[in-house]
Amino acid sequence: MNFEDAKILICDDSILARKQLSTMISSLVECTIFEAANGQECIDMYQQHLPDIVFLDIVMPIKDGHSAIAEIMEKHPDADIVIVSSVGTQAQLRQAIQLGAKDFIQKPLNTLQIESILKTRFERRMK
């Protein structure tokens, strides 16, 4: 896969989780990766960089993932947001999807999950 011009935003309050996901993505595709440590940074970085895909945790300080989804989707209804969280209750998943998230993956992550998400997005871009 080759995303070359693609921009991906990873938002998680855990630097370890961000680095792990960034490493997985970098091993699969060429792209530009931005990182945010909380929901407010995610919103700000989305506005600044307009990424093609956002990988977003739910439980974070300052603003949680649900708040970030709501604010991003309000201004950018076509945003492609994938929730990545270890907190995976049905209610939280339902809320994230209702707010506009396109997908949900449970931590711990594996490369095959990330590859599947990226491949799906890449194929959509080619159509």
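Colleague: How many bridges join strand E1 to E2?
Modeller: This is a predicted model. Strand E1 covers residues 7-11. E1 and E2 run parallel. Leucine 9 faces phenylalanine 34 of E2 across the pairing. The bridges joining E1 to E2 number five.

Colleague: Which strands stand at the edges of the sheet?
Modeller: The sheet is open, with five strands in parallel pairing. Its order is E2-E1-E3-E4-E5. An edge strand has a single partner, so one side of it is left without a neighbour in the sheet. That describes strand E2 (32-36) and strand E5 (103-106).

Colleague: What angle does the direction of helix H1 make with that of E2?
Modeller: Helix H1 spans residues 15-28 and packs on the sheet. H1 touches E1, E2 and strand E3 (53-56). Its direction makes an angle with that of E2 of about 170°.

Colleague: Which residues have the most contacts inside the largest nonpolar core?
Modeller: That core has 22 residues.

Colleague: What does cysteine 42 touch, not counting residues up to four places away in sequence?
Modeller: With sequence neighbours up to four places away left out, cysteine 42 touches Leu9, Cys11, Ala36, Val54, Leu56 and Ile72.

Notes
Residues are numbered from 1 along each chain as its sequence is written. This is a predicted model: local features need pLDDT of at least 70, side-chain atom pairs count only at pLDDT 80 or more; totals for chains, interfaces and linings use all residues. Side-chain values use heavy atoms; hydrogens and water are left out. Two strands pair if DSSP finds at least two bridges between them. Helices (H or I, at least four residues) and strands (E, at least two) are DSSP runs, numbered from the N terminus. Contact means heavy atoms within 4.5 Å. Axes are lines fitted to C-alpha atoms, for helices over the stretch in contact, and angles run from 0 to 180 degrees between N-to-C directions. A nonpolar core is a set of buried Ala, Val, Leu, Ile, Met, Phe, Trp, Tyr and Cys residues joined through side-chain atoms within 4.5 Å. Buried means under 20% relative accessible area, exposed over 50%, partly exposed in between (1.4 Å probe, protein chains only).
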